[in-house]
Amino acid sequence: MAVFYDLRLMSLAVLMLVSQLDFASAAVRVFGLNAKGLDGDLIGRPDAYVKVWCGSTYGGETEHHNSNANPTWSKEFNFPNCNTNDDLKLEVWDKDLVFDDLLGTCGRPVQYGSFTVTCYLTKKGTLFYSYEAN
Ligand SMILES: [Ca+2]
């Protein structure tokens with residue numbers, strides 16, 4: 001009987017290990033941010049920038065480009081302590097004098113590997129970005 005009891009304990013330990021692997025630690029780099037066809041302001045083109053999160057960690061924001069519907073951002077983001085399956089979230093904003101406008105949000109769970117993502121924004125336009133997690 002003791003053998004069966006140990007087996008049960010062992011399978012419980014394996015289950016716990018497997019569930020932890022779902023949230024394995026990952027170093028994440030986000031780069032190559034650019035957008036096409038943005039539309040924010042009533043007059044003229046948006047002054048767009050992007051905010052980036054990995055899980056609950058805020059990575060900061062890109063520089064903003066004045067009056068540009070197709071901006072390319074040079075800033076990269078590094079999250080040394082992110083986890084797989086954490087939500088990698090990017091928000092595209094249009095800078096305005098008083099209240100900035102949210103143009104769209106992109107989110108997907110972090111997976112190991114290198115990816116280039118296409119994200120269609122709520123308002124007009126498309127955001128492209130790459131990330132690698134290892
Ligand atoms: Ca603006």
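Does Asn85 count as buried, exposed or partly exposed, and how many C-beta neighbours does Asn85 have inside 10 Å? The legends below, which describe a predicted model, begin with this residue.

**View 1. Asn85 in the loop between strand 4 and strand 5.** Asn85 counts as partly exposed because 13 C-beta neighbours lie inside 10 Å, a count between the limit of 12 or fewer for exposed and that of 20 or more for buried. Although Asn85 is not a glycine, its phi is positive, at about 75°.

**View 2. Ser67 in the loop between strand 3 and strand 4 (77–83).** Ser67 is not a glycine, yet it has a positive phi of about 45°. With 13 C-beta neighbours inside 10 Å, Ser67 is classed as partly exposed.

View 3. Strands of a sheet pair through backbone hydrogen bonds, in either a parallel or an antiparallel manner.

**View 4. The pairing of strand 2 with strand 5.** Strand 2 (residues 48–54) and strand 5 (residues 87–94) run antiparallel and are joined by 7 bridges. Trp53 stands opposite Lys89, which belongs to strand 5.

Note on methods. Residues numbered from 1 in each chain as written. Predicted model: local features only at pLDDT ≥ 70, side-chain atom pairs only at ≥ 80, totals over all residues. Pairing = 2+ DSSP bridges. Helix = DSSP H or I, 4+ residues; strand = E, 2+ residues; numbered from the N terminus.
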